[in-house]
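Here is my notebook from a first walk through this structure.

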Amino acid sequence: MTLFWPDRPADSLTLRGARVIDVAAGVDGAFDVTVEDGVITSLERAGEPAPGLVLAPAFVDPHVHLRVPGREDEETVATGTAAAAAGGYCAILAMPNTDPVVDSAAVLGALIEQAHEGAAIPTGFMASISKGLRGEELTEMVELARLGAAGFTDDGHPVVSAGLMQRALQYSGAAGRLLALHEEDPSLSRDGQMNEGAVSAALGLAGWPSIAESVMIERDCSIAAYVQRPLHIMHLSARESVAAVRAAQARGVAVTAEVSPHHLCLTDDTVRTLDTNRKMNPPLRAEGDRQALLEGLRDGTITCIATDHAPHARHEKETPFEAAPFGVTGLETSFAAINTFLVETGELALELVLERMSSGPARTFDLPMPRIAVGERANLVLIDLDASWLVTEHGFRSRSTNSWLLGQTLNGAIVKTVADGRVVHAA
Amino acid sequence: MSEITTAPLRVVRLGDPAPPRRHLLGISDLDRNAVERLLGTATTIARSLDREVKKLPALRGRLVINLFYESSTRTLSSFDLAAKRLSADTMALRSSGSSVDKGESLKDTALTLAEYDPDVIVIRHPHIGAPELVASVTHAHIVNAGDGKHQHPTQALLDLYTMREALGRLDGLHVAIVGDVLHSRVARSLIEALTLVGARATLVGPPTLMPRGIESMGCEVSTDIADIEAADVVYVLRMQQERMNAGAAYVPSLREYAAEWGVTARRLRPSQIVMHPGPMNRGVEIAPDVADSAASLISDQVRAGLVVRMAVLYDLLAGGPGDDARPLEVA
């Protein structure tokens, strides 16, 4: 049991007239879907589907920063999960780089309690690999896993020591949980502010080279092969990284990978605006990198689209670019952004996007699989592809507004979200 | 991918045709006409400075605030004097001794100063993007006097002015920029400005101080100091001591840097001119005898700094490309 939320009665409802797409279950057609007491009880063939209306397995986001404990001014369990519900998600995993760090049973236990009280959707918590994210000593992984840790990560920081990485991978076997890695060689990324390349050369911003990511992926895939353990690479950004994951997979390493909507949609050229909502870690890369990420997503090298939803206080982003923290929000805009900038342009197929946002991450993190089939718990997202909406600071459920999409019109709105048998969002 | 455009900072550039509020945040705010206009105004101003009474009434009643978050001798003093010579009121704020010491954010400092209704805020800041931020929260015209390693547009303009005074032309000129390009806002602005006026730039320096991808700005790159020989102008960049710090050493030693890339008399042709934005490290990037030689235009650059900054302030407030622009009268 790694997902937590309040125990309440399930809902009953019927969703009519949508095109139902569940790639994993082999379903694609017009159906009326009936849910009774939270369980799908019938799929009845219907006539022509309503234009633009799509019903799919709800999304799963394995990479969210809920900022609790410590930065409740930026996000809370309640606001972050409400944002996720509005974005079509039925489950999320929260990152442990909080203050204090989620590195002990006490901190994890308090979070689980908060989720039991006020999470809008089923919520899981990752615990850290190393105590205090210092990269020196392992956390008590077995105890944390027993209590409910969904996996382990030092996200925000790399595990610099190869020796500790080896121990962590070995020991994660006893905990029975996946390690998810933020890959960055700090001696290469240094004080990097953006991708190293033509744009950083022109702007004078310190460069964070693509190889700072890929050399660590290569190292950790070698260690994983040696100790025969799986690993997951978070927020891939560079072409070399996709190649490294693909090559490791080809030689039998159990490595999975995720990519964020902003790395799929944007390149470092957008940093020329000096908009602090274009500052991410890892940074936005060049067009060749973006193309490699898209190809990795298409060919299955990358199994998850993960938002890396990273709320920041307004005053911390209202600074010169160089002084601003890394990260952007994403839970409420992920599907619409990808639909607008990648599906409508023909760069990605809708079916592929729906799979990589739902069963892909669920399978990778061994979470309950959202399926549209009789007898399954209802985890559903109803989408209106024809609905356009303007992204404004006032429209977010998230407590923070540091979105790279402010002021833009997106196509595709989440009409309804059903999570574990309960309606958690209805527009 | 469809074009993704947002303009979170509603910044109007100096090159724009008839905007309500123009700024000089970087060389990309200028087109060739704007450069010609500014250099022409600077020439007019230079003539007026030969007179006994050097003050012009053009900006009487205007307020120019110099907001400096980094140390500066040349830039701050010349902006201050430039505003005074145009009869504007001036006010200088430095980060030390102000509320910045108490942790006030740049936004709040800018909002505070905005209440004095300044016509121009000249800002120097260690962080790239600071001038854009001030432009987005005040109604003043913003002049970037150096932001991080990004831009220093008035330095590039005064360099163009100096080159044209000395050599009579800019079009087709070949300028070698020597040294630490990686950390130089002066180099970035100068490369852009030279390209804009039809001159050619060759960057020369150690490979570790050449930014990856810099050639996409339209310049050539070399690691061989002998390549300065082909240039009309040798522009020497400051080699900063902190680039040599342990763990962040870009070159093994200043000794080796001076030996391999220092601009010495032996490495120059007789007709070449030498420039440096200052402050100099004599004996490191530039030999002392070169700095003091007839080929050196370093003191001309300082004089040019005053007239070019006067031209920029005048252009923002009274000149410019619009119909109601008034050409500067010095009579």
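**Entry 1: the open sheet of chain A**

I began with chain A, where 7 strands make an open sheet of mixed pairing, in the order S3-S2-S1-S4-S15-S16-S17. For the terms: helices (H or I, at least four residues) and strands (E, at least two) are DSSP runs numbered from the N terminus, and two strands pair if DSSP finds at least two bridges between them. I then looked for the edges: strand S3 (39-45) and strand S17 (422-426) of chain A each have a single partner strand, so one side of each lacks a neighbour in the sheet. From one strand to the next, the twist averages 40°.

A note on what I am reading: this is a predicted model, in which local features need pLDDT of at least 70, side-chain atom pairs count only at pLDDT 80 or more, and totals for chains, interfaces and linings use all residues. Residues are numbered from 1 along each chain as its sequence is written, while chains are lettered from A and ligands numbered from 1 in the order in which they are written.

Which residue in S17(A) is the bridge partner of Lys416(A)? I found Ala426(A) there.

Helix H12 (residues 334-343) of chain A packs on this sheet and touches strand S15 (380-390) and S16 of chain A. The direction of H12(A) makes about 140° with that of S16(A). (Axes are lines fitted to C-alpha atoms, for helices over the stretch in contact, and angles run from 0 to 180 degrees between N-to-C directions. Two residues are in contact if their C-beta atoms, placed from the backbone, lie within 7 Å.)

**Entry 2: strand S6 of chain A**

Next I looked up burial. In strand S6 (residues 89-94) of chain A, 6 of the 6 residues are buried, so the strand is largely enclosed by the rest of the structure. (Buried takes 20 or more other C-beta atoms within 10 Å of a residue's own, exposed 12 or fewer, and partly exposed lies in between, with C-beta atoms placed from the backbone.)

Strand S5 (residues 59-64) of chain A runs parallel to S6(A), joined by 4 bridges. Asp61(A) stands opposite Ile92(A) in S6(A). I traced the chain from S5(A) through helix H1 (residues 77-86) of chain A to S6(A), a β-α-β crossover that is right-handed. (That is, with the strands pointing away from the viewer, the path from the first strand over the helix to the second runs clockwise.)

S6(A) also pairs with strand S7 (residues 123-127) of chain A, in the parallel sense over 3 bridges. Here I noted Leu93(A) opposite Gly124(A) in S7(A).

**Entry 3: chain B**

I counted 9 helices and 9 strands in chain B, and 46% of its 331 residues are buried. The domain assignment, automatic or from a database, gives domain 1 (27-151 + 304-317) and domain 2 (153-302) of chain B. Their centres, taken over C-alpha atoms, are 25 Å apart. Each domain puts 22 residues into the contact between them.

**Entry 4: where the chains touch**

How many residues does the contact take from chain B and from chain A? I noted 26 from chain B and 28 from chain A. On the chain B side, helix H3 (106-114), helix H4 (130-137) and helix H6 (185-196) of chain B are the elements giving two or more residues. H4(B) gives the most, with 3 residues.
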